[in-house]
Every structure is written in C-alpha cells, then in structure tokens.
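Please open the model in your viewer and keep a selection panel at hand. The stops below go from a single element to a whole chain, and then on to the places where elements and chains meet.

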Protein chains: 2
Amino acid sequence: MTADRDPERGSKRAAIIDAAIDRFGSDGYEHTKWADVAADVGVGPTALYHYFESKQHCLFVIMDQALVELGSRFEDLTHGNPDHVGALRAVLADCFDVSDHEALRNRVLVAEQGLLAHPCASPREEEARQLARLHTREIERAWTLFLVAADESQAIEVENPRLTARAILGIYNSIWVWFRPHGRMDLDRITAFFTASILAILELEPEPFEEAA
Amino acid sequence: MTADRDPERGSKRAAIIDAAIDRFGSDGYEHTKWADVAADVGVGPTALYHYFESKQHCLFVIMDQALVELGSRFEDLTHGNPDHVGALRAVLADCFDVSDHEALRNRVLVAEQGLLAHPCASPREEEARQLARLHTREIERAWTLFLVAADESQAIEVENPRLTARAILGIYNSIWVWFRPHGRMDLDRITAFFTASILAILELEPEPFEEAA
C-alpha cells in the first residue's frame with residue numbers, strides 16, 4: 001500500500017471534498033447520493049471509500065476543515081492585537097469576505113451542526129466528529145477570551161462574554177441558512193447590516209467601519 | 001374504515017408526536033429509530049404508519065405545528081396593538097416562556113430546518129414540507145410587517161425590516177441549538193441577555209423590560 005504517499009491522493013481527496021461541499025450545499029446533505037459525488041470527480045463509488053469511510057465521515061471532515069480555517073482566521077486577526085475594537089471590525093469584515101464556494105461550505109456547517117451532537121459507532125466517523133466538536137468549542141472559546149480581554153482593557157464593555165460570543169456566532173451563522181451567493185440581496189448590503197447589528201449588541205457605533213476595515 | 005372518526009386516533013397521534021419530539025430533541029432526528037418512537041407510545045412499528053407515512057413525515061408535521069403555534073402567539077401579541085414597543089417586549093418575553101418540551105421542540109425545528117429545503121418524492125411528506133415552509137415564511141413575513149408598521153408609526157426606526165426580521169429570528173433560533181432545559185445557565189438569565197441584544201439591534205433600551213413584560 002503506497003496510496004498514502006501518492007501525491008495524487010491528496011489532490012483527489014481535496015477534489016472529493018470540494019465536490020461534496022457543492023452537492024451538500026446545493027442539494028442538501030441528506031438528499032445527496034454518495035455515488036453522485038463520485039461521479040462529479042470521475043471515480044467509481046468504491047474508490048470513494050479509499051478516502052472516506054462514509055458520506056457522514058466526509059461531512060464531518062468538511063465541517064472540521066471549515067472550523068479550523070475559520071478559527072485560524074480569527075486568531076490571525078486578533079492575536080496580540082492591542083486594538084480590540086479595530087480587531088473586532090477586521091474580524092467582522094473577514095467573516096463576510098467569502099467566495100461562493102465558502103458560502104456553500106458555511107451553509108453545510110450550519111445546516112448540519114445538529115449531526116455533531118450524537119456519537120457514531122464507526123471509529124473514523126467518531127474521530128472526525130470529535131475533532132469538529134473540539135474546533136466548534138475552540139471558536140466559541142476564542143471569541144469569549146477575546147471579549148474578556150476587550151472588557152479588561154476597557155475597549156468594549158462586555159458583561160457576559162460567553163453569552164455575547166454565542167449571540168454573535170448565532171447571528172453570524174443564521175445568515176448562511178438563507179443566503180444564496182446569487183440571490184436578490186447582495187453580500188455587501190447584508191454584511192453592512194449584520195456588522196451593524198453585532199456592533200449594536202456590543203454598544204459600538206457602526207459608522208467608522210469602512211475606514212477600519 | 002372508521003379510524004378517522006375514532007376519538008382515540010387523535011390522542012394517539014398526539015402521543016406519537018410528543019414521543020417523537022422527545023426522541024428527536026434528545027437523541028437527534030437522524031439517530032432516532034422510528035421503532036423506538038413506537039415503543040415509547042406502546043404501539044407496534046406497523047401501527048405508526050396509520051398515522052405517519054415515515055419518520056420524515058412526522059418530523060415535518062412536528063415542525064409545522066410548532067411554526068403555526070409560534071406564528072399565532074406572535075399574531076395574538078401584536079395584531080391591532082398600537083403600542084409597538086410594548087408589543088415587541090411582550091413578544092420577546094413570550095418567545096422565551098417555554099416548557100422543557102417546547103424547548104426540545106424548538107431545538108428540533110432549528111436543527112432540522114435544512115431538511116425543509118429539498119423536495120420529497122412522497123406526496124404526504126411533500127405536503128407537510130410545503131406547509132412547514134409556508135409557515136416559516138409567514139413568521140418572517142409577520143415580523144417584517146410588524147417592523148414596517150413600527151417604523152411607520154415612528155415607534156422604532158427600522159431601515160431594513162426584512163433583514164432586521166432575519167437577524168432577530170437568527171439570534172432567537174440560535175439559542176435552541178445549545179440551550180438545555182437543565183443546563184448550567186438558567187433560562188431567565190439567557191432571556192434577559194438575548195432580549196437586551198435584540199433590543200440593542202433595534203436601538204431600544206433594555207431597562208423598562210421587567211415592567212412591560
């Protein structure tokens with residue numbers, strides 16, 4: 001077995017992930033046939049199982065990758081930045097700066113988060129599920145710690161950092177349920193509106209947003 | 001066939017719905033076996049099919065019932081009430097005034113809303129799905145029209161009623177994803193926090209909340 005050392009293996013795996021994101025995001029996870037993902041990347045259904053144990057295993061890997069990336073983008077923009085308000089504005093601008101493919105991936109992440117709540121019998125599915133849960137908690141924790149630090153530095157008054165983190169993530173996540181990349185409302189308008197809403201929760205003014213971002 | 005006229009039929013159907021809400025809300029929809037719902041209400045799995053065509057049919061009926069009830073509670077509190085701010089405070093208080101069973105039902109409604117996006121082959125499933133979609137849109141529409149009226153009467157300034165309605169519903173729905181009736185945080189504290197957040201989005205002060213509710 002040299003499959004793990006095959007440089008094509010990694011790109012095939014990435015192609016499967018991309019095809020699955022498109023299918024899950026457009027047709028829904030439940031309604032997607034695993035064989036259609038195989039057809040999209042031009043492999044037989046059996047070949048798919050070299051990469052993922054099941055459709056659910058692939059879903060959890062997709063969710064985990066998205067969470068790791070969102071977490072590291074948050075970290076890059078906030079870590080060691082003493083300007084908490086500036087960092088917050090940059091994070092909110094970054095949240096909405098997504099490609100069509102990322103918008104679909106965010107929808108999958110939000111629409112299927114309920115599946116992460118329940119243990120899986122298969123060890124590989126369970127491992128991917130545990131990772132996705134860990135990284136979900138880490139994002140919430142990173143937001144909470146950021147808000148604690150912002151409160152301590154008196155940049156933003158935050159009475160309840162954990163609930164505030166949940167409210168911000170709740171409002172942000174809700175967008176992806178109804179947002180369609182080529183829908184009637186453009187992302188800039190939605191971004192401006194939701195950014196203002198999140199800043200209102202933190203009792204910050206929305207006006208200086210454009211300069212800071 | 002006299003089953004439809006049997007007074008016991010209605011109560012058995014209600015018992016199945018209640019058992020399914022508990023199962024779907026606690027164990028997750030995907031992880032619930034239809035046969036376990038049957039066992040919970042003391043009927044055989046085949047008997048379940050007298051009432052629902054499938055687990056998914058039952059889920060869509062549960063979601064639709066919840067949406068109809070939430071919509072009519074909103075209507076009762078807002079219709080013909082010229083005091084828009086008072087009506088809003090009453091609606092927010094009412095949103096969080098839920099039993100453990102209703103909290104579970106809300107979790108099912110939010111966790112499985114993605115399933116409503118995709119057509120079903122079975123006519124009965126599809127009919128229940130269409131009703132649940134209609135009533136989802138009606139709640140969003142009722143909130144939007146309420147905000148339009150509140151803006152017209154100059155009680156609350158609302159620049160973008162539709163996005164504001166979505167933000168309010170988004171923040172409200174997000175609670176049920178993580179809220180557990182007997183979790184570490186009590187509902188009163190969560191209610192006060194999220195009500196203040198929603199009022200902040202509308203640029204209203206949270207203080208007079210307790211008197212008004």
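Begin by selecting residues 100–111 of chain A, which form helix 6, a run of twelve residues whose first and last C-alpha atoms lie 16 Å apart, close to the 16 Å expected at 1.5 Å a residue (the expected span being 1.5 Å times one less than the number of residues). Helices here are DSSP runs of H or I with at least four residues, strands are runs of E with at least two, and both are numbered from the N terminus. This is a predicted model, in which local features need pLDDT of at least 70 and side-chain atom pairs count only at pLDDT 80 or more, while totals for chains, interfaces and linings use all residues. Residues are numbered from 1 along each chain as its sequence is written, and chains are lettered from A and ligands numbered from 1 in the order in which they are written.

Staying on helix 6 of chain A, colour A:Leu104, A:Arg105, A:Asn106, A:Arg107, A:Val108, A:Leu109, A:Val110 and A:Ala111, which are buried (20 or more other C-beta atoms within 10 Å of the residue's own, with C-beta atoms placed from the backbone).

Now widen the selection to chain A, where the secondary structure comes to ten helices and zero strands, and where buried residues make up 37% of the 213 residues. The C-alpha trace of chain A spans about 55 × 35 × 30 Å along its principal axes. Of the contacts in chain A with a separation of 6 or more, 64% join residues 24 or more positions apart, a contact being a pair whose backbone-placed C-beta atoms lie within 7 Å.

Next, show both chains: 28 residues of chain A are in contact with 28 residues of chain B. On the chain A side, helix 8 (161–178) and helix 9 (187–201) each supply at least two residues, and helix 8 of chain A gives the most, with nine.

Finally, select helix 7 (residues 123–152) and helix 8 (residues 161–178) of chain B, which pack at an angle of about 125 degrees with their axes 8 Å apart. That angle makes helix 7 of chain B oblique to helix 8 of chain B, because under 35 degrees counts as roughly parallel, over 145 as roughly antiparallel, 65 to 115 as roughly perpendicular and the rest as oblique. Residues to display at this contact include B:Trp143 and B:Leu147 of helix 7 of chain B, and B:Ile168 and B:Leu169 of helix 8 of chain B.

How values were computed:
Axes are lines fitted to C-alpha atoms, for helices over the stretch in contact, and angles run from 0 to 180 degrees between N-to-C directions. Two residues are in contact if their C-beta atoms, placed from the backbone, lie within 7 Å. A residue is buried if 20 or more other C-beta atoms lie within 10 Å of its own, exposed if 12 or fewer, and partly exposed in between; C-beta atoms are placed from the backbone.
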